[in-house]
Amino acid sequence: MDLSSSGRRPAGKVAQRIRSQRTTSNNPQLFEDTSISQTNFYGGFLPQQPQSSGFSNTEQFVGHSSGLGFPGQQLLNDPMANVAVQYGQTLAGQGTDLLNRNIKRYVSSSRLKYYFAVDTAYVGKKLGLLIFPFAHSDWSLRYSKDEPVQPRYDVNAPDLYIPVMAFVTYILLAGVVLGTQSRFSPEHLGLTASTAFVWTVIELVVLLLTMYILNVSTDLKYLDMLAYCGYKYVGMIVILLGGLAFQSTGYYISMLWMALSIAFFLVRSLRLAILPHSDPSTVERGNNKRRLYVLLVVAVVQPLLMWWLTRHLIAAVKL
């Protein structure tokens with residue numbers, strides 16, 4: 001074999017690559033030409049060598065990237081941007097504090113906890129008092145250092161636990177009543193809940209406005225009035241249970257009994273708070289009449305609302 005003839009082609013390639021390297025040394029490339037190391041002299045490809053496990057390439061890349069940065073890095077490193085972020089956080093914190101102060105102005109957390117400070121014994125006694133209040137004699141509130149004691153220590157104190165639970169129980173029981181007549185649907189249940197809630201809000205607002213217009217001063221807070229207005233849901237539960245057990249006869253008998261019980265309970269509970277404690281001779285007769293009218297309106301409206309909020313369930317308890 002003629003070695004000179006067979007070796008001309010590889011030698012020519014080597015010379016050509018050497019010349020290309022000399023010309024590129026004056027004009028450095030941005031990327032390394034890996035074709036030299038990847039091919040042999042005979043035009044074939046060499047097996048790729050595994051990369052080393054060192055961190056030299058990674059460190060070199062990190063060094064270059066730290067100089068270039070990533071999108072948004074200049075914004076984070078900008079002192080003015082940091083000041084703006086801190087100022088925004090300060091404004092957000094001030095807004096949160098302002099919102100919390102305004103909420104606490106109308107609904108104090110400590111005051112709200114007072115209305116839920118109940119126990120099992122109190123709930124049992126209170127339910128018995130609402131259903132059968134005629135045998136109760138002492139209706140005065142107990143005080144400790146000019147502050148009313150918690151409901152768990154005084155059965156006459158208003159609470160919000162029983163009204164809230166009675167409201168939820170009334171909604172569920174209304175669903176059961178509707179189900180006995182095959183009229184149950186989520187829409188009916190939602191309509192019952194929203195109607196009861198709206199009427200409670202309207203009742204409370206009208207009562208507070210009436211007392212304000214008539215200039216009836218009292219120690220009752222709006223949460224106290226909400227509690228007393230919410231006790232009617234206990235009577236509504238008894239009415240629906242009587243209707244389920246004895247159909248329409250049980251419904252109307254339960255309605256009559258609970259109307260009298262709730263009205264009597266409200267008159268005896270609110271009498272000491274709405275009517276003046278002083279000698280009637282020292283108080284104007286007109287002011288006494290206005291207070292008495294407010295007391296009677298509160299006592300009469302509750303049975304009417306009890307009938308209004310259960311009237312659509314009468315058909316479900318009929319035979």
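Gln302, placed in helix α13, counts as buried at 1% relative accessibility, where buried means under 20% relative accessible area, exposed means over 50% and partly exposed lies in between, computed with a 1.4 Å probe on protein chains only. Leaving aside residues up to four places away in sequence, Gln302 touches Glu203, Cys229, Lys232, Ile262 and Leu266, a contact being heavy atoms within 4.5 Å. The model is predicted, so local features need pLDDT of at least 70 and side-chain atom pairs count only at pLDDT 80 or more, while totals for chains, interfaces and linings use all residues. Residues are numbered from 1 along each chain as its sequence is written, and side-chain values use heavy atoms, with hydrogens and water left out.

The protein chain contains 14 helices and two strands; these are DSSP runs numbered from the N terminus, helices being H or I with at least four residues and strands being E with at least two. Of the 319 residues in the chain, 29% are buried. Among contacts between residues at least 6 apart in sequence, 74% join residues at least 24 apart.

| Residue | Relative accessible area | Class |
|---|---|---|
| Gln302 | 1% | buried |
| Thr310 | 0% | buried |
| Leu256 | 56% | exposed |

Thr310 is found in the loop between α13 (residues 285-308) and α14 (residues 314-317), and, not counting residues up to four places away in sequence, Thr310 touches Tyr170, Met236, Leu240, Tyr251 and Met255. Leu256, by contrast, lies in helix α12; although Leu256 and Trp307 are 51 residues apart in sequence, their C-alpha atoms are 9.9 Å apart in space.

Helix α8 (residues 120-131) has 12 residues and should span 16 Å at 1.5 Å a residue, which agrees with the 17 Å between its end C-alpha atoms; the expected span is 1.5 Å times one less than the number of residues. The buried residues of α8 are Tyr122, Val123, Lys126, Leu129 and Leu130. Seen down the axis of α8, these buried residues fall within an arc of 130°, so they line one face of the helix, the arc being that of the directions from the helix axis to the C-beta atoms. On the other side of α8, Thr120 and Lys125 are exposed.

The buried residues of α8 pack against α9 (161-180) and α12 (232-274). Two packed helices are described by the angle between their axes and the distance between the axes. The axes of α8 and α12 come within 7 Å and cross at roughly 90°, where axes are lines fitted to C-alpha atoms, for helices over the stretch in contact, and angles run from 0 to 180 degrees between N-to-C directions. The helices α8 and α12 are therefore roughly perpendicular to each other, a term for angles of 65 to 115 degrees, with under 35 called roughly parallel, over 145 roughly antiparallel and the rest oblique. The residues of this contact of α8 with α12 divide into 10 nonpolar, one polar and one charged; Ala, Val, Leu, Ile, Met, Phe, Trp, Tyr, Cys and Pro count as nonpolar, Asp, Glu, Lys and Arg as charged, and the others, Gly among them, as polar.

In helix α10 (residues 186-213), the buried residues include Glu203 and Leu207, and just after α10, Asn215 takes a positive phi of about 60°.
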